[in-house]
Amino acid sequence: MVCEWKRQKSDVDRRILSLQRKVATLESEIEGILMERIVDKANAERYDRMIAKREDYITAAKEQLGTYTDMEAATRRKKLKAQSSIDLLDELIANGSITESHLRMIVDKILISESDGELDLEICLKAAFRTHFAIYDGFGNVVDGGVAMDIGGTVPDDGRDDYEDA
């Protein structure tokens, strides 16, 4: 989502600016209509309808601006969370090893189950970065794996139960 938002950011910035200009223009038009309404009391209902249409558009535009603002704030939060995960990985790489405290920072939970005499191990990560999965045979050899997925996604159907990241 962060990458998608960055690609669309300049377009969104233009939309925000356009909506702000349109709101300012409509507010100015409403002032002009009110002045005309004072002079032309016989057509007050027509002026009221004109004002109502502009006020409805202003309300919708302000809601859209709020949505864009909320999206930008959410993107900033996700970017900060991703940056902290990247910093943690950089620290791990620099140290050359993973301590127990590092492991606790990265891993949310480890699920171990057994079915038909085979051990299944699922490691759910806390960090907001891409992950993969691997299936091992009884001798520790990788049978299948390397499928990248986004956190929150599911592993493509391989005939086993779907795995969801936490």
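How many bridges pair strand 1 with strand 2, and in which sense, parallel or antiparallel? Select residues 107-115 (strand 1) and 118-125 (strand 2): they pair in the antiparallel sense over eight bridges. Two strands count as paired if DSSP finds at least two bridges between them.

Before moving on, note that this is a predicted model, where local features need pLDDT of at least 70, side-chain atom pairs count only at pLDDT 80 or more, and totals for chains, interfaces and linings use all residues. Residues are numbered from 1 along each chain as its sequence is written, and side-chain values use heavy atoms, leaving out hydrogens and water.

Now go to the two residues between the strands and pick aspartate 116, which takes a positive phi near 55°.

Next, color by secondary structure. You'll find three helices and four strands, in the order α-α-α-β-β-β-β. These are DSSP runs numbered from the N terminus (helices: H or I, at least four residues; strands: E, at least two).

Select 44-95 for helix 2: its 52 residues reach 76 Å from first C-alpha to last, close to the 76 Å expected at 1.5 Å a residue. That expectation is 1.5 Å times one less than the number of residues. Show side chains for its buried residues, among them Tyr47, Ile51, Ile58, Leu65 and Leu92. Buried means under 20% relative accessible area, with a 1.4 Å probe and protein chains only. Last stop: glycine 96, which follows helix 2 and has a positive phi, near 85°.

Definitions and conventions. Buried means under 20% relative accessible area, exposed over 50%, partly exposed in between (1.4 Å probe, protein chains only).
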